[in-house]
Amino acid sequence: MDVLHTLLALSVALFAGLLMSRLTKIWNLPAVTAYLVAGILIGPYCLGQLGIPGLGFISSEDVGNYDIISDVALGFIAFTMGNEFRLSSLKKTGKQATVIAVFQAVTATLFVDIALIGLHFIIPAAAITLGAIATATAPAATLMVIKQYKAEGPVTSVLLPVVALDDVVGLIVFAVSFGIAKALESGHIDMVSVLVNPLVEVFVSLVLGAVLGLLFTFIERFFHSRSKRMSISVGFVFLAVGLAMLEWKIGAVTVGFSSLLVCMMMGTVFCNLCDFSEELMDRMDRWTGPVMVLFFVISGAELQLEVFSKWQIVLIGLVFILVRSLGKITGAGVSSRFMKCEPTVQKYLGITLLPQAGVCLGMSQVAVSTMSELGFAEVGLLIRNISLFAVLVYELIGPLLTKIALDKAGEIKEKPIPPRKLAAMQKKQSK
């Protein structure tokens with residue numbers, strides 16, 4: 001029966017997402033927003049209230065049973081992001097993207113830290129941790145909007161590598177900031193967790209991704225049919241996501257991996273070494289379509305609406321959202337002007353960096369578990385609730401803002417009118 005309920009829930013999620021995308025198309029909203037709303041409607045707070053297994057998601061624990069889909073989807077997204085680090089592209093935008101990625105992330109962190117500590121809303125440890133969480137940008141929502149509208153131009157060219165690099169910067173900033181936050185609460189500074197562990201995680205993730213990328217490129221050349229090459233590609237993404245879950249300790253140092261960095265590096269190596277990588281990437285986009293729909297619907301079902309019932313969380317959450325947005329927009333604008341980017345990049349890039357989701361929630365979950373172990377569970381819970389509130393707002397309006405920004409920048413072209421429809425229109429006008 002469990003298998004039956006699982007398959008029914010997945011089919012309901014897929015159909016709900018697709019149907020909602022048809023409805024939201026009337027208002028010209030991004031498909032990502034439609035999928036997230038569909039997830040809320042079939043999630044624990046709406047359809048799930050009926051308590052019928054298989055008819056949507058009946059509880060948060062039920063939604064958590066589908067984490068493997070989210071893990072795999074993020075793996076494919078990160079692998080696709082690796083395509084943006086082709087050497088030919090990096091020669092044009094690599095330096096700009098690196099400077100912008102670092103500056104806007106650090107600016108957002110400083111803005112949130114100063115606002116939350118200066119206004120005395122919450123204790124410094126929680127404020128510093130939330131400042132680090134502010135760095136994270138959701139690559140999934142951004143990439144989906146770009147693909148849906150086939151956006152192309154200076155903003156898009158800089159945006160994709162910036163979002164990819166944002167995760168690297170975010171992991172380091174979070175590890176350092178959270179180490180300081182733990183020191184403030186416990187009175188003990190652990191330099192290993194503050195400096196060594198984050199650098200080790202980034203380094204070993206990039207090394208593992210590079211090794212898998214080399215192996216992937218080598219094996220792919222022994223297969224010539226499209227279906228077998230596609231199967232090898234999917235298998236390597238599964239392998240990368242699985243290996244990234246490994247973790248062990250060497251003395252005081254924790255050796256762990258970031259699945260996003262592993263898959264991104266694997267995609268980067270593959271795209272730079274394989275001469276048919278572009279064609280394969282295009283086919284993978286089509287294959288992963290249903291997986292991405294399920295990922296966003298499940299993400300919508302994960303959004304916890306009870307955070308709206310606590311006015312303190314809503315107040316601090318609104319401050320966090322406004323200040324983080326200001327930091328991202330200001331940081332991207334200043335750094336893009338410094339790097340002499342196109343005027344449209346200077347004006348609109350910051351707005352496209354607002355979506356926030358999985359990486360943010362992952363950071364907040366680390367804060368919850370670690371603070372609980374140290375005996376400061378209320379601090380971790382506060383960080384988690386504010387992060388949940390921010391994700392709820394950002395996920396619903398972030399994709400729409402990204403679409404508006406790309407449209408204002410002139411990078412969303414109007415879809416060509418089908419020949420048959422064009423002929424009918426011309427015939428009607430001639431009468």
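Predicted model: local features only at pLDDT ≥ 70, side-chain atom pairs only at ≥ 80, totals over all residues.

Modeller: Start with the pairing of strand β1, residues 247-250, and strand β2, residues 253-256. They run antiparallel, and four bridges join them.

Now the aromatic rings. There are nine aromatic pairs. One of them joins Phe 216 and Phe 270. The two rings are stacked, with 4.2 Å from centre to centre and 20° between the planes. Rings count as stacked when their planes are under 30 degrees apart, so this pair qualifies. Phe 216 belongs to helix α9, residues 191-220, and Phe 270 to helix α11, residues 259-273. The pair therefore ties together parts that lie 54 residues apart in sequence. Phe 216 is buried, at 0% relative accessible area. Phe 270 also counts as buried, at 0% relative accessibility.

Phe 79 leads on to the core. The largest nonpolar core holds 92 residues. Phe 79 is among the four that touch the most other members, along with Phe 57, Phe 296 and Leu 349. Take Phe 296 as an example. Leaving out residues up to four places away in sequence, Phe 296 touches Val 32, Tyr 35, Leu 36, Ala 140, Ala 141 and Met 144. A second core is separate and has 41 residues, including Ala 126, Phe 320, Met 371 and Ala 390. As a general point, nonpolar side chains tend to be buried together in soluble globular proteins.

Next, a threonine in a helix. Thr 402 sits in helix α17, residues 377-408. Is Thr 402 buried or exposed? Its relative accessible area is 1%, so Thr 402 is buried. The cut-off for buried is under 20%. Beyond residues up to four places away in sequence, Thr 402 is in contact with Val 145, Ile 351, Thr 352 and Pro 355.

Last, a charge and a ring. Which ring lies under the charged end of Arg 324? The ring is that of Tyr 394, and the charged end sits 4.6 Å from the ring centre.

Note on methods
Residues numbered from 1 in each chain as written. Heavy atoms only, no water. Pairing = 2+ DSSP bridges. Helix = DSSP H or I, 4+ residues; strand = E, 2+ residues; numbered from the N terminus. Buried < 20%, exposed > 50% of the residue type's maximum accessible area, 1.4 Å probe, protein only. Contact = heavy atoms within 4.5 Å. Core = buried A, V, L, I, M, F, W, Y, C linked by side-chain atoms within 4.5 Å. Phe/Tyr/Trp six-rings, centres within 6.5 Å; stacked < 30°, edge-to-face > 60°. Lys NZ or Arg CZ within 6 Å of the ring centre and 35° of its normal.
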